[in-house]
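Thank you all for coming; please bring up the sequence and the model on your screens, and keep both in view while I talk through the pockets and then a few of the strands.

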Amino acid sequence: MIRYYGSSYVREADRIASVELGIPGVVLMENAGRGAAEVMLRKYPEALNFLILCGPGNNGGDGFVVARHLALAGRIPSVVTVVEIEEYKNDAAFAVASAKKSRLNISCSKRMTDSELSALISSSDVIVDALLGTGSNGAPRGEVKRLIELCGNAERVVSLDVPSGVDSDTGTVAETVITAGLTLTFLAQKIGLAVSPGSLHSGEVIVCNIGASPELLLPASNELTGYDKSDIQNIMPKIPKDVHKKQRGALMIVGGCDFFRGAPILTALGALRAGCGLVFLAMPDFIVASAAALLPEAIFIPLSPNEKDGSIGYDNFWKSISPWLQKCDALVCGPGLGRSDDARKITWQLCLEWEKPLLLDADALYHAVDMEKEGKFHRNPGTSIITPHAGEAAYLLGTNSIEISANRLLSCIELAKKYDVALLKGPHTLICGGTEKRAILEGGPQLAIPGSGDVLSGVIGAFLAAGMPPIDAATLGALIHATGGDIHKGTNGLLAGELARYISGII
C-alpha cells in the first residue's frame, strides 16, 4: 500500500521542516538533489554526459544540486536554464551560486538555437528534467515548452519530483509533456504519478528523502492510496477452516441476451474462481442449456425472453427471481443485459427494490444514468458499485471518452458522488467512494480484451457476497483482476476465460 499526496501537503511539509524542525530550505534542496544524483549514478553507472534542464523555480534549484553532485562523482554535467542565472531567487539562487563556484558548464536556452540544443540533447547519455515541479500551474510555456518539445525523441529521461507537464494533484497532462523513464520524487509519492495519463509519463518512480522523516512532515491521512499485488493477502477476507459454501456468500447475476450470450457466463466464472459460495445465473431461457454445459457449478434461473432482442422479458421477471433473491447476499446486474425497454425496467426495479449490495456494469449503466437524471437513483450509502470504462463513464457524466481519459481522477470522483462507489476501468484503475480515493498499480494492455470487464464484475461480486464493504470489494477485485492480467504481461491473445482461471491461483 502506497500513500500519495497532493501539492498542498508538500508545501505544508516544507513549512514544517523549515519552521518547526529548523531545517533550512537550502539544506532540504541539497539533500534532495544529492539523493537524486546518487540514484542516477546507481541506475546508469556507465553514463558519462548528463544534461540538466533547469526551470525558473525550486525544481530548477534541485537540478543545479544534482549537476554539482554528478560532477563530484566524475561525470560531465551540462546545465541549460530557461532564465538567466541572475533571475533565480531564494533557495534556488543559493544552489545556483554553489554551482557557479563549482565551475559547472551553464548555458541559457534563450541564447541557443534549436540546432544547438538538439545536438546537446542527442549527445547526452541522460537528460534530467528539472523544469517544472509540484508548484507549477498551467501548461508549459515559452522556453520550458521549447525544451520539452526538443526532448521528444530522447531515450533516457529522468524527471525530478514529477515529469514536467504532469499535474501532480490530478494526473492530467498538458499538450506538451515530458515522458520520463525514471521519476525521482522527493519526500513522498505524488498523486499524479499514480493516475493516468500522468502515470504513463512517469516511468519507474523512486522516492528520495530530503533529510527529514515523512512521518514528521506528512499527515497520516493521505489523499490517494495505491495498491499492488503485495497487498492482496492483507485485504483478503479470512476464511475459517470449518466454513461451508453458504457462509462464503451467494451472488446473483442478471444478464444475457441473444447478442451477448457469454457475458454473464464470464461473470459467473469470475465469481466462482474468486471463491463465491453460490452463484445464481438469471438469464434468458434459451441460453441456459449451453451455459450449464460450460459452467455446471452455477445455479441457473431460466427467464422468459422478449421477442425484440432476446433479452430478459420484464413481465414475469420479478416473480421468477423473487424466490431466489432471498438466498442471495449481493447482485450483479448488466453483463449482456441489452438496452431494450424491458432491460431498462429490470435495472430500475433492482435499483429500487434490492436493498443489499448491487453492482451495475455494462448495459445496466446506460439504464442507471436515465434513472439518476430523473432523480430516482436513491440507494442506501454503501450498497452500490458501478464499474464503467471510459466510454460508459462519458455517458454517465454527459461528456466524451477523451475528456474522461484526460481527467480520470476528477471523473471518478464525480461518478462516486452520483452512484456511491465508482470503479473507473483503464490504465491504473481508480476506485472512489466517500472520501476514499484509490488506484490499482498493477495491470496493462493485456486486459483490454472482450469479456475482461465481465470477469471483473464477477470477482467483485464474490467479495460483495462475502460481506466486504463495496469500496474494499472493488479494490480487492480490481487488484486480483489486474494481477491475473500481469501473468501474461507483454503478450497478446489472452482470453477472458483464461484470465478468470488464473484468479484462484492468485488468491
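Around the centre of the second largest pocket, the nearest of its 26 lining residues are Asp14, Asn58, Asp62, Thr134 and Asp161. This is a predicted model, in which local features need pLDDT of at least 70 and side-chain atom pairs count only at pLDDT 80 or more, while totals for chains, interfaces and linings use all residues. Residues are numbered from 1 along each chain as its sequence is written, and side-chain values use heavy atoms, with hydrogens and water left out.

As for the term itself, on a 1 Å grid over the protein atoms alone, a pocket is an open set of points where a 1.4 Å probe fits, with protein on both sides within 12 Å along at least five of seven lines, and lining residues have an atom within 4 Å of a point. The volume of the second largest pocket is about 600 Å³, where a volume means the space filled by probe spheres set on grid points that are joined across faces, edges and corners.

Which helix gives the largest share of this lining? That is H1, with five residues, and helix H1 (7-20), helix H2 (25-43) and helix H3 (58-72) each supply at least two; helices here are DSSP runs of H or I with at least four residues, strands are runs of E with at least two, and both are numbered from the N terminus.

The largest pocket holds about 770 Å³ of space, and 34 residues line it, with His389, Lys425, Ile449, Ser452 and Gly453 closest to its centre. Helices H9 (263-273), H13 (363-373), H17 (452-465) and H18 (470-486) are the elements that each give two or more residues to this lining, and H17 gives the most, with four.

Let me turn to the strands. Strand S3 (residues 76-81) is largely enclosed by the rest of the structure, because five of its six residues are buried, buried meaning under 20% relative accessible area with a 1.4 Å probe and protein chains only. Strand S2 (residues 49-54) runs parallel to S3 and is joined to it by six bridges, and strands count as paired if DSSP finds at least two bridges between them. Within that pairing, Leu51 has Ser78 of S3 as its bridge partner.

On the S4 side, S3 and strand S4 (residues 105-108) also run parallel, joined by four bridges, and there Ser78 is the bridge partner of Asn105.

Methods:
Buried means under 20% relative accessible area, exposed over 50%, partly exposed in between (1.4 Å probe, protein chains only).
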